[in-house]
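Okay, thanks for having me.

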Amino acid sequence: MESHLSSNQRNADRGSQVRLQTRSSDGPRGMLKTFVHIIRHDGFLGLYSGLSASLLRQLTYSTTRFGVYEELKSSTTTATTSPSFPSLIAMASTSGFLGGVAGNPADVLNVRMQHDAALPTHARRNYKHAIDGLVRMTREEGWRSLFRGVLPNSMRAVLMTASQLASYDGFKRLILTHTPLEDNLATHFSASFLAGFVATTICSPVDVIKTRVMSAKESEGLRALLIKVYRLEGVGWIFRGWVPSFIRLGPHTIATFLFLEQHKKLYRRFRGVQEGHGL
């Protein structure tokens, strides 16, 4: 639920991020110019292209990774011990991979619907909504098209979940251990802000690759794509779209963990479970 509540804000930022990562050499440069370009050519609602696909992605990707991670973490946590940081990374990586596979069809749709307006009129796919996109992709390109880019997407999901969920728990543990702060809103905000920064920086290269693969009209090998991008753009492509990515992911990470912590407290209170320390 916490991921779904922030989907609207993320979708607008994600739209500008996709445009930046897939723009041609003569396209708008920078986040603000991309926002202006989208509004001028597609109207304000153009910022929310692919919203239905974004919601579907949250229902599949986020639900899977959070659910698996919390289940694995709770199964290894006792009243006196909690999993080590390397163990948290392993759990987060596993849940991220499963979430990446589960959410890949919706992620392909999300990228395509947001990139559609940047294409010439004759080249646009014009999906009406997420379900229409799923049906048309399966009918026109085969079911394998739903898993286009699943490798870089799953790699990103592993990196994202490890750097977001595991780092949040790691930062939270450090704050509770080495500062006077208690397990409260200030701690949750600080840990989630740091986790959002780490996740954005680590995932930026894979995010660019994933976006390019999914928005392509023809299948292109990962190695060939990397060589092509490096020759045309040099090393700078690695962090292209970092600013809109952080603006999207930072608030989303903060909102997600603030809601998640409150849900945990309500659930524990409802079940009569004693509050744990650290995790």
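Predicted model: local features only at pLDDT ≥ 70, side-chain atom pairs only at ≥ 80, totals over all residues.

Let's begin with helix α6, residues 130–141. It has 12 residues and reaches 16 Å from its first C-alpha to its last, close to the 16 Å expected. Which residues of α6 are buried? Those are A130, D132, G133, R136 and M137. They sit on the same side of α6, because they cover an arc of only 150° around the axis. Over on the other side, I131 and R139 are exposed. And what covers the buried ones? That includes α4 (51–75) and α5 (85–115). Just after α6, G142 takes a positive phi of about 90°.

Now, salt bridges. The count comes to 8, and I'll show you a few.

R112 and E141 meet at 2.8 Å, N to O. R112 lies in α5 and E141 in α6, so this pair ties together parts 29 residues apart in sequence. R112 is buried, at 1% relative accessibility, while E141 is partly exposed at 34%.

Then there's D107 with R57, at 3.0 Å, N to O. Here D107 is in helix α5 and R57 in helix α4, 50 residues apart. Both ends are buried: D107 has a relative accessible area of 2%, and R57 comes in at 7%.

Last one: E70 and K73, at 3.7 Å, N to O. They're 3 residues apart in helix α4, so about one helical turn separates them. E70 is partly exposed at 22%, whereas K73 is buried at 4%. Salt bridges with shared partners also join E70, K73, D169 and K264 into one network.

Terms used
Residues numbered from 1 in each chain as written. Heavy atoms only, no water. Helix = DSSP H or I, 4+ residues; strand = E, 2+ residues; numbered from the N terminus. Expected span 1.5 Å × (residues − 1). Buried < 20%, exposed > 50% of the residue type's maximum accessible area, 1.4 Å probe, protein only. Arc of directions from axis to C-beta. Contact = heavy atoms within 4.5 Å. Salt bridge = Lys/Arg side-chain N within 4 Å of Asp/Glu carboxyl O.
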